[in-house]
Amino acid sequence: MIFIDTHAHLDGKEFDEDRKQVVERAEKAGAVKIFVPAIDLESLDKVERVCELFPGCAYPMAGLHPEEVRGDYNDVLDKMMERLPGNFIAIGEVGLDFYWSREYEMEQMEAFERQVEWACQMKLPLMIHCRKAQNQLVSILKKYKGKLVGGVFHCFTGNLVEARQLLEFDNFCLGIGGVLTFKKSNLPEVVAQLPLQRIVLETDAPYMAPVPMRGKRNESAFISYVIERMALCYGVDRDEVAEITTQNALRTFPKSK
């Protein structure tokens, strides 16, 4: 069984002591690729360095995370833009997040739209973070619907109506991770009604570890538990889930091939 972790913060300080071992465990579990998103200008440097340590396995993305957007976002984006496209396989992690605060709501929307424009101009997919902001996010994306090449709606945990609304955007997939395994999650019922060809796997490591690892530091090797739960959702074997989601990821992120 092989799989791709489409979203892991392998550059995080949580992995500074044993990053090599984490990647080795991932590869032993079946991970053939790990995609690593940036969240701000500082992380962009570390994401690149970390991916250089694991050529052919770890692939970098470049973006300004909505929770990192401040009043100086245009200056930050100007500096990021100088580095693109480079070896980056996607624009991410970008999006909107109004869960904790709406203090920088307009700045978030403007920063997101600017990065969507990058994705269209450079023909790169998007890795999109969205929390408590789907209506606003969809409104922005609709303006670029004919120009977008695709991407992933990362860490999807919504209902069937929300899922179908997002999948109206061609060549986009839903990123499914550890929440699928949570006992009180409604996600298994939603996922079972969606085409497996529109799903990719992710960890969001070091966060959101699946059952039975919940509460521990998440890592790419733990995707095997997500695959097991997803196989139950679709009534197929684990290898089929792994194979189809791997092909979905390669199709969505062609620079990773």
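Strand β6 (residues 151-153) and strand β7 (residues 172-176) pair in the parallel sense over three bridges, where helices (H or I, at least four residues) and strands (E, at least two) are DSSP runs numbered from the N terminus and two strands pair if DSSP finds at least two bridges between them. The model is a predicted one, in which local features need pLDDT of at least 70 and side-chain atom pairs count only at pLDDT 80 or more, while totals for chains, interfaces and linings use all residues. Residues are numbered from 1 along each chain as its sequence is written, and side-chain values use heavy atoms, with hydrogens and water left out.

**Strand β7**

- The bridge partner of Gly 151 in β7 is Phe 172.
- Five of the five residues of β7 are buried, so this strand is largely enclosed by the rest of the structure; buried means under 20% relative accessible area, exposed over 50%, and partly exposed in between, with a 1.4 Å probe and protein chains only.
- In a regular strand the side chains alternate between the two faces of the sheet.
- In β7, Phe 172, Leu 174 and Ile 176 point one way, whereas Cys 173 and Gly 175 point the other way, and all are buried.

**Nonpolar cores**

- The largest nonpolar core has 79 residues, and those with the most contacts inside it are Leu 126, Leu 141, Leu 174 and Met 230; such a core is a set of buried Ala, Val, Leu, Ile, Met, Phe, Trp, Tyr and Cys residues joined through side-chain atoms within 4.5 Å.
- Leaving aside its neighbours within four places in sequence, Leu 141 is in contact with Phe 112, Val 116, Leu 126, Ile 128, Leu 148, Phe 153 and Phe 169, contact meaning heavy atoms within 4.5 Å.
- A second, separate core of 13 residues includes Tyr 59, Met 61, Met 127 and Ala 249.

**Helices α8 and α9**

- Helix α8 (residues 223-234) and helix α9 (residues 238-252) pack at an angle of about 110°, with their axes 8 Å apart; axes are lines fitted to C-alpha atoms, for helices over the stretch in contact, and angles run from 0 to 180 degrees between N-to-C directions.
- The two helices α8 and α9 are therefore roughly perpendicular to each other, on a scale where angles under 35 degrees count as roughly parallel, over 145 as roughly antiparallel, 65 to 115 as roughly perpendicular and the rest as oblique.
- On the α8 side the contact is made by Ser 224, Ile 227, Glu 228, Met 230 and Ala 231, and on the α9 side by Arg 238, Val 241, Ala 242 and Thr 245.
- By class, this contact of α8 with α9 has five nonpolar, two polar and two charged residues, where Ala, Val, Leu, Ile, Met, Phe, Trp, Tyr, Cys and Pro count as nonpolar, Asp, Glu, Lys and Arg as charged, and the others, Gly among them, as polar.

**The three-stranded sheet**

- An open sheet of three strands has the order β1-β2-β3, with parallel pairing.
- The edges are held by β1 (3-5) and β3 (58-60), each with a single partner strand, so one side of each is left without a neighbour in the sheet.
- From one strand to the next, the twist averages 20°.
- Three bridges join β1 to the parallel strand β2 (residues 31-36), and Phe 3 stands opposite Ala 31 in β2.
- Helix α1 (residues 19-29) lies across β1 and β2, running at about 135° to β2.
- Helix α2 (residues 41-53) packs on the sheet and touches β2 and β3, its direction making about 155° with that of β3.

**Pro 60 and Asn 87**

- Pro 60 has its place in strand β3 and, at 8% relative accessibility, counts as buried.
- Not counting residues up to four places away in sequence, Pro 60 touches Val 36, Val 47, Cys 51, Asn 87, Phe 88, Ile 89 and Ala 90.
- Asn 87 lies in the loop between α3 (73-81) and β4 (91-97) and, at 58% relative accessibility, counts as exposed.
- With its neighbours within four places in sequence left aside, Asn 87 is in contact with Pro 60 and Lys 255.

**Backbone geometry**

- Most residues other than glycine have a negative phi, and most peptide bonds are trans.
- A cis peptide bond joins Leu 84 and Pro 85, with omega about -5°, and Pro 85 is found in the loop between α3 and β4.
- The peptide bond from Val 211 to Pro 212 is cis, with omega near 15°, and Pro 212 is found in the loop between β8 (199-201) and α8.
- Lys 123, a residue other than glycine, has a positive phi near 55°; Lys 123 lies in the loop between α4 (105-122) and β5 (126-131).
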